[in-house]
Amino acid sequence: MGIVSGILNRLFPTESMRLIRKAEKAPRFQPGEINFRGLKLEVTDQLSVAWQIREIFEDQELQFKPASPEPVIYDCGSNVGISVIYFKKQFPGAHVKAFEPDPGVFKCLFHRSEEHTSELQSPDHLVCRLL
């Protein structure tokens, strides 16, 4: 990061940088909530999720051009579902299949998916289908 961009980020932080600064003050690896673009997100670690938001939404690290308007996306290691939110915003017709092996983190993903789908597989399978 250059000096000028560093100064500008301090003076005019992006939404993700505001989330990161706030999350830096929260205890690590403790359940909490993050408010992002009108969504209340249940999380297991505020700082790691705030960085995911920056990398996925701001840096566009998951951006791709799908072969169809309704791509099937397998999200292995979905964490709390930030990537799923991104895919659904980018590709409203996408069929996202999310997988998260950590039971504690999966609870957050499962909770998130319940808000956005009527078809959901059992959490025992650790796979859920999000509209």
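For these notes, contact means heavy atoms within 4.5 Å. I keep in mind throughout that this is a predicted model.

**Entry 1: helix 2 and its cover**

I began with helix 2, which runs over residues 15-24. Which of its residues are buried? I found S16, M17, L19, I20 and A23. Next I looked at where they sit around the axis. They cover an arc of only 160 degrees, so they are on the same side of helix 2. That made me recall a bit of helix geometry: an α-helix has 3.6 residues a turn, so residues three or four places apart point the same way. Then I checked what lies over these buried residues. The cover includes strand 1 (32-36) and helix 3 (46-58).

**Entry 2: the core**

I went on to the largest nonpolar core, which has 30 residues. Which of them touch the most other members? My list reads I34, L41, I53, F57 and I82. I also noted the elements that give two or more residues to this core: helix 2, strand 1, strand 2 (39-43), helix 3, helix 4 (82-90), strand 4 (95-99) and helix 5 (103-114). Helix 3 makes the largest share, with six residues.

I picked out I7, which belongs to helix 1 (residues 3-11). Is I7 buried or partly exposed? Its relative accessible area is 48%, so I put it down as partly exposed.

I looked up phi values next. F29 is not a glycine, yet its phi is positive, at about 55 degrees. I located F29 in the loop between helix 2 and strand 1. F29 counts as exposed because its relative accessible area is 61%. Where is Q60? I found it in the loop between helix 3 and strand 3 (72-76). With a relative accessible area of 26%, Q60 is partly exposed.

**Entry 3: salt bridges**

How many salt bridges does the structure hold? I have five on record, and I followed up several.

E15 and R37 meet through their side chains, at 3.5 Å from N to O. E15 is in helix 2 and R37 in the loop between strand 1 and strand 2, so this pair ties together parts 22 residues apart in sequence. E15 is partly exposed at 28% relative accessibility, and R37 is partly exposed too, with a relative accessible area of 48%.

R28 pairs with D45, and their closest N and O atoms are 2.7 Å apart. I noted that this pair links distant parts of the chain, 17 residues apart: R28 is in the loop between helix 2 and strand 1, D45 in the loop between strand 2 and helix 3. Which side of the burial cut-off does D45 fall on? Buried means under 20% relative accessible area, and D45 has 3%, so it is buried. R28, at 39%, is partly exposed.

I wrote down R54 as buried at 14% relative accessibility and E58 as partly exposed at 33%. Finally, I saw that R54, E58 and D59 are linked in a network of salt bridges.

Note on methods. Residues numbered from 1 in each chain as written. Predicted model: local features only at pLDDT ≥ 70, side-chain atom pairs only at ≥ 80, totals over all residues. Heavy atoms only, no water. Helix = DSSP H or I, 4+ residues; strand = E, 2+ residues; numbered from the N terminus. Buried < 20%, exposed > 50% of the residue type's maximum accessible area, 1.4 Å probe, protein only. Arc of directions from axis to C-beta. Core = buried A, V, L, I, M, F, W, Y, C linked by side-chain atoms within 4.5 Å. Salt bridge = Lys/Arg side-chain N within 4 Å of Asp/Glu carboxyl O.
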